[in-house]
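I opened this notebook to keep track of what I looked up, one topic at a time. The entries follow the order in which I went through the model.

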Amino acid sequence: PPALKRWKERGIDVRIYSSGSIAAQKLFFGHTEFGDLLPYLDGHYDTTVGAKRDSKSYAAIAMDMKMPPGEILFLSDVAAELDAAQNAGLQTGLVIRPGNAPTPLNSHPILNDFEDLLPIGNKTT
């Protein structure tokens, strides 16, 4: 939540792409242990845009965002999703989450925490 708040304050567009429905995403992010996080999110995508392992899905998201794919950072804990996003031209980052199975070797930068996204996640502001 602190990173989401900083990104929102800086005007950074943050969106969720999940295999869960948009309605489920809104319910989940609207009722977290940290409170309602929906004000920090600018959009939601689910598999109606396409499969998460299909690069066409990420191209469609970039078109919807009206941004060049190379200006979008996609984060996931699934290497195959990151491969698809990278094939569509997006920047990628592999998020290591406690309790997840080890990820096979891949070329995606590793993030253990959103603070790893410095300077976007700059701890001093």
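Which residues have the most contacts inside the largest nonpolar core? Before answering I noted that this is a predicted model, in which local features need pLDDT of at least 70, side-chain atom pairs count only at pLDDT 80 or more, and totals for chains, interfaces and linings use all residues. I also noted that residues are numbered from 1 along each chain as its sequence is written, and that side-chain values use heavy atoms, with hydrogens and water left out.

**Entry 1, the cores.** I looked up the largest nonpolar core and found 14 residues in it, with Y17, Y58, F74 and L90 having the most contacts inside. A nonpolar core here is a set of buried Ala, Val, Leu, Ile, Met, Phe, Trp, Tyr and Cys residues joined through side-chain atoms within 4.5 Å. Buried stands for under 20% relative accessible area, exposed for over 50%, and partly exposed for what lies in between (1.4 Å probe, protein chains only). The elements that give two or more residues to this core are α3 (55-65) and α4, and the largest share, 4 residues, comes from α3. Helices (H or I, at least four residues) and strands (E, at least two) are DSSP runs, numbered from the N terminus.

I then followed Y58, which touches Y17, K52, F74, E81, A84, A85, A88 and L90 when residues up to four places away in sequence are not counted; a contact is taken as heavy atoms within 4.5 Å.

I found an open sheet of 3 strands in the order β3-β4-β5, with parallel pairing, where two strands pair if DSSP finds at least two bridges between them. Its edge strands are β3 and β5 (110-111), each of which pairs on one side only.

Strand β3 covers residues 73-76, and I saw that F74 and S76 make up its covered face, while L73 and L75 make up the uncovered one. As a reminder to myself, side chains in a regular strand alternate between the two faces of the sheet. Over 4 bridges, β3 pairs in the parallel sense with β4 (residues 91-95). The chain passes from β3 through helix α4 (residues 79-87) to β4, and this β-α-β crossover is right-handed, a term for a path from the first strand over the helix to the second that runs clockwise with the strands pointing away from the viewer. For the partners in β4, I noted T92 as the bridge partner of F74 and L94 as that of S76.

Which residues of α2 are buried? In this helix (residues 22-30) I found Q25, F29 and G30 to be buried. Seen down the axis of α2, these fall within an arc of 120°, so they line one face of the helix; the arc is that of the directions from the helix axis to the C-beta atoms. On the other side of α2, I found A23, L27 and F28 exposed. The buried residues of α2 pack against β1 (15-17) and β2 (43-45).

I looked up G43, which lies in strand β2 and counts as buried at 13% relative accessibility. Leaving aside its neighbours within four places in sequence, I found G43 in contact with V14, R15 and I16.

How many salt bridges does a search of the whole structure find? The search finds 6, a salt bridge being a side-chain nitrogen of Lys or Arg within 4 Å of a carboxyl oxygen of Asp or Glu.

I found K8 partly exposed, with a relative accessible area of 33%, and D42 partly exposed at 34%.

The side chains of E81 and K52 also meet in a salt bridge (3.4 Å, N to O). This pair too links distant parts of the chain, E81 being in helix α4 and K52 in the loop between β2 and α3, 29 residues apart. Here I found E81 buried at a relative accessible area of 10%, and K52 buried at 15%.

Lastly, I noted a salt bridge between the side chains of R15 and D13 (2.8 Å, N to O), and a network of salt bridges that links D13, R15 and D64.
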